[in-house]
Amino acid sequence: MTRQNYCVNRTNLVSCLSTEIDSFNRCISVPKENSENRCKLVPSVSVGGPGLRAELETAGFVFDIKRYAIHDGPGIRTTVFFKGCPLQCRWCHNPESWKAAPEAALRTTRCKRCGQCVQLCKQGAISLDGDLPVTDPQKCTLCGECIEPCPGGAREIIGSQMTAGEVMAEIEKDVVFYDESGGGATFSGGEPLAQPEFLLALLNECRAKRIHTAVDTSCYAEEEVLDRVSEKADLFLCDIKHMSSEAHRQFTGVENTLILNNIRELSEAGRQIIIRIPIIPNFNDDAANIKATAGFAASLPGVQRIDLLPYNRGGNEKARRLAGGIELMQVETPNDQKMNAIAERLEKYGFRVKIGG
Ligand code: SF4
Ligand code: SF4
């Protein structure tokens with residue numbers, strides 16, 4: 001077993017020795033060659049010798065697998081949501097994807113305020129805030145013992161570690177639909193490029209099985225990672241969130257330079273790309289930013305299509321469930337008139353524009 005280059009664990013889950021990571025989700029506290037300090041969580045490792053059989057043992061964190069998806073690439077697809085993201089967009093639709101490890105969550109609307117879980121938790125991780133149970137993520141070991149007995153079905157652990165082989169077993173259930181519809185598998189998140197070994201194992205296996213693949217990405221990844229993934233995927237769905245690096249930093253936590261460079265690199269390498277713009281009111285929906293985004297997209301060889309993704313408030317409810325607590329921005333969903341006006345502006349640049357993914 002080789003020590004992973006990219007430890008995606010952000011927390012002190014189970015026996016992980018580190019809480020220090022860089023903005024690419026890499027562990028920065030454990031020296032690479034120090035076998036004594038080898039990470040024990042092993043979220044993304046290659047096992048055994050060469051070949052696909054060994055690659056199927058590569059493991060990563062996933063928080064959902066959606067079958068029959070129709071918004072994440074052509075045809076009918078299975079979308080695999082990777083857990084862990086180096087960005088923290090303030091409008092995020094999937095805040096449960098941020099943490100690169102499983103985490104405890106509570107559906108407050110289902111909670112019956114019975115207090116049983118407080119007694120059940122042997123770690124003392126649950127306390128009451130009024131009559132509402134609150135979980136301390138530092139104490140919770142994710143043992144799961146509070147989940148089954150909960151009379152409201154309110155408690156859950158979001159995300160799990162899966163091998164590429166286990167994920168492939170899910171993907172392969174619908175090969176007949178992919179063949180009929182021109183669909184395939186989409187790797188989304190979170191950020192799939194943040195777990196490169198896991199992603200590469202899945203892309204290689206899909207290619208071997210002739211399953212079309214799409215990578216839905218922020219494109220915030222080291223060039224070396226992008227180079228390795230670039231040729232393996234059939235389609236990239238690349239987000240452009242804002243053309244101002246400062247605005248991008250304020251609302252996502254990172255600047256956009258690396259992202260724009262990576263998108264350009266993919267397009268210049270002849271990869272198939274669809275640009276996706278989440279339309280977030282009062283952030284990136286103004287005429288100047290749409291014009292700048294269109295200008296950038298128009299300068300990329302081979303980009304013909306832009307998808308506009310209207311802001312979706314669904315992330316707020318999901319954020320409230322998480323034990324760690326995430327505060328998202330509150331804005332209204334843009335109406336059809338606004339979305340159509342932006343689409344028309346982009347069509348003038350010669351793009352095919354689709355509203356929705
Ligand atoms: S056991 Fe379930 S229903 Fe009861 S307080 Fe805990 S979360 Fe709520
Ligand atoms: S999963 Fe539930 S019972 Fe287990 S440590 Fe966490 S809060 Fe306590």
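**Figure 1. Overview of the helices and strands of the predicted protein model.** The protein contains 11 helices and 13 strands, where helices (H or I, at least four residues) and strands (E, at least two) are DSSP runs numbered from the N terminus. This is a predicted model, in which local features need pLDDT of at least 70 and side-chain atom pairs count only at pLDDT 80 or more, while totals for chains, interfaces and linings use all residues. Residues are numbered from 1 along each chain as its sequence is written, and chains are lettered from A and ligands numbered from 1 in the order in which they are written. Of the 357 residues of the protein, 42% count as buried; a residue is buried if 20 or more other C-beta atoms lie within 10 Å of its own, exposed if 12 or fewer, and partly exposed in between, with C-beta atoms placed from the backbone. Among contacts between residues at least 6 apart in sequence, 71% join residues at least 24 apart, two residues being in contact if their C-beta atoms, placed from the backbone, lie within 7 Å.

**Figure 2. The residues around ligand 1.** Ligand 1 has 14 residues around it, of which Cys111, Cys114, Cys117, Cys150 and Gly152 come nearest; a residue is near a molecule if its C-beta atom, placed from the backbone, lies within 6 Å of it. Sorted by class, this shell holds 8 nonpolar, 3 polar and 3 charged residues, where Ala, Val, Leu, Ile, Met, Phe, Trp, Tyr, Cys and Pro count as nonpolar, Asp, Glu, Lys and Arg as charged, and the others, Gly among them, as polar.

**Figure 3. The residues around ligand 2.** Ligand 2 is surrounded by 14 residues, and the closest are Cys121, Gln123, Cys140, Cys143 and Cys146. The shell around ligand 2 is made up of 9 nonpolar, 4 polar and 1 charged residues.

**Figure 4. Pro133 and its contacts.** Pro133 is placed in strand β5, which spans residues 132-135, and it counts as buried because 24 C-beta neighbours lie inside 10 Å. Leaving aside residues up to four places away in sequence, Pro133 touches Leu106, Cys111, Cys117, Val118, Ile126 and Leu128. Pro133 and Thr108 stand 25 residues apart in sequence, and their C-alpha atoms are 8.8 Å apart in space.

**Figure 5. Helix α3 against helix α5.** Two packed helices are described by the angle between their axes and the distance between the axes. Helix α3 (residues 164-171) and helix α5 (residues 196-208) pack at an angle of about 45 degrees, with their axes 10 Å apart; axes are lines fitted to C-alpha atoms, for helices over the stretch in contact, and angles run from 0 to 180 degrees between N-to-C directions. The angle therefore makes α3 oblique to α5, since angles under 35 degrees count as roughly parallel, over 145 as roughly antiparallel, 65 to 115 as roughly perpendicular and the rest as oblique. On the α3 side the contact is made by Ala164, Val167, Met168 and Ile171, and on the α5 side by Phe198, Ala201, Leu202, Glu205 and Cys206. By class, this contact of α3 with α5 has 8 nonpolar, no polar and 1 charged residues.

**Figure 6. Helix α5 against helix α6.** The axes of α5 and helix α6 (residues 223-230) come within 10 Å and cross at roughly 10 degrees, and the two helices are therefore roughly parallel to each other. Pro196, Leu199, Leu200 and Leu203 in α5 meet Val225, Arg228 and Val229 in α6, a contact with 6 nonpolar, no polar and 1 charged residues.

Figure 7. Gly184 has its place in strand β8 (residues 184-188) and counts as buried, because 26 C-beta neighbours lie inside 10 Å. Not counting residues up to four places away in sequence, Gly184 touches Gly73, Gly75, Arg77, Tyr178, Ile211, His212, Thr213 and Ala214. Gly184 and Thr213 are 29 residues apart along the chain, yet their C-alpha atoms are separated by 5.8 Å. Gly190 lies in the loop between β8 and α5, and the peptide bond from Gly189 to Gly190 is cis, with omega near 5 degrees.

**Figure 8. Two residues with a positive phi.** Most residues other than glycine have a negative phi, and most peptide bonds are trans. Tyr68, although not a glycine, has a positive phi of about 60 degrees; Tyr68 is in strand β1 (residues 59-69) and counts as exposed, because 12 C-beta neighbours lie inside 10 Å. Cys219, also not a glycine, has a positive phi of about 65 degrees and lies in the loop between β9 (212-217) and α6. With 24 C-beta neighbours inside 10 Å, Cys219 counts as buried.
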